[in-house]
Amino acid sequence: MNIAKLAFDFDDRFKDVFTNNVRTVNSIAYETDIVYDESLPDVCKLDVYYPPLKGREKYPVLVDIHGGGWITGDKYWRRGLNRAFADMGLFVVSPNYGLSPRFVYPDCVRHLFSCFKWICDNADNYNLDLSNVLVTGDSAGGQLACLVLAIQDNAEVKARIGAVESPLRFKGGILACGAYDPASMAKIPLSDKMFREMTGGYGRKRLAEFPDYDLMNPVNFIDERFPRDVMIAYGRFDAFVGGNEKILFEKLNALGIPYREYRAKGCGEHCFHLWHYRRPISRKFFDLARKYVEDKIGYRYV
């Protein structure tokens, strides 16, 4: 029995009625289960959410990468989050990707780059502004979003994982409760089964022997090309990834790369932002996220 998977699934289902019943100012259109990679039509599907296009000729884009410990999770559980982001004037793309144990890491990263190619291929169909693209993710999705930002201009790493090339480049990101530090997470006994499934057999005590272990830590690939001014949110108390943000801050500080930090006070547990405006700490997150989006895309959507 995978206790970690049960915990992640319970969390998504418990929060569902609270986090996905989101009221929006604008009417949000959506399309679901669009296949973005015909070689894996049962896995590589995405949803899109978009408000009325007003004030601009094209939509700025946000890609939202769901969490779930690389072994579970689904875009379905982020539909409220995606509607909330779309209400900021964004065209939101929410992809599923290959989960373990069927897929071994970093297969999921390769899938995401196929999603990015789909965005480029369909930019004219949806009036997308490819010069204004952001990425967000939470938990494992935060790790994946951070890695994508770190390697988007790294041809060597993309060739290593077999990622398709596309002209899509992210100008920023919102990283929430990301799992950036596998060495720290490996100290948690609960993580053993998760890592075994994710890596094809390497448990937490042998995790460093996994051939692609370096790719599990996006900090390894952050350099001067990393986008300036990403937003990094984390909880004061987080049983899953508490303290993971420290290595990210250390690397960005060492490189002199500016970022925005939000530390949720009180009971800032894992993925607190999914409560939207129902709790003070999540309300603060969305207020800061809206300001971040406005600064990055250069206008306020009302």
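Modeller: Start with a cut-off: buried means under 20% relative accessible area, and exposed means over 50%. Keep in mind that this is a predicted model.

Biologist: Why is Cys 120 called buried?

Modeller: Its relative accessibility is 14%. That falls under 20%, so Cys 120 counts as buried.

Biologist: What rules out a bond between Cys 271 and Cys 177?

Modeller: Their sulfurs are 4.8 Å apart, too far for a bond under the 2.5 Å limit. Cys 271 is buried, at 3% relative accessibility.

Biologist: What makes Asp 47 and Lys 75 a salt bridge?

Modeller: The limit is 4 Å between side-chain nitrogen and carboxyl oxygen. Here the closest N and O atoms are 2.8 Å apart, so the pair qualifies. The pair links distant parts of the chain: Asp 47 is in strand β2, and Lys 75 is in the loop between β3 and α2, 28 residues apart. Asp 47 is buried at 4%, and Lys 75 is buried at 5%.

Biologist: Why is Arg 225 called partly exposed?

Modeller: Its relative accessibility is 43%, which lies between 20% and 50%, so the label is partly exposed. Arg 225 meets Asp 223 in a salt bridge at 2.7 Å, N to O. Asp 223 counts as buried, at 18%.

Technical notes:
Residues numbered from 1 in each chain as written. Predicted model: local features only at pLDDT ≥ 70, side-chain atom pairs only at ≥ 80, totals over all residues. Heavy atoms only, no water. Buried < 20%, exposed > 50% of the residue type's maximum accessible area, 1.4 Å probe, protein only. Helix = DSSP H or I, 4+ residues; strand = E, 2+ residues; numbered from the N terminus.
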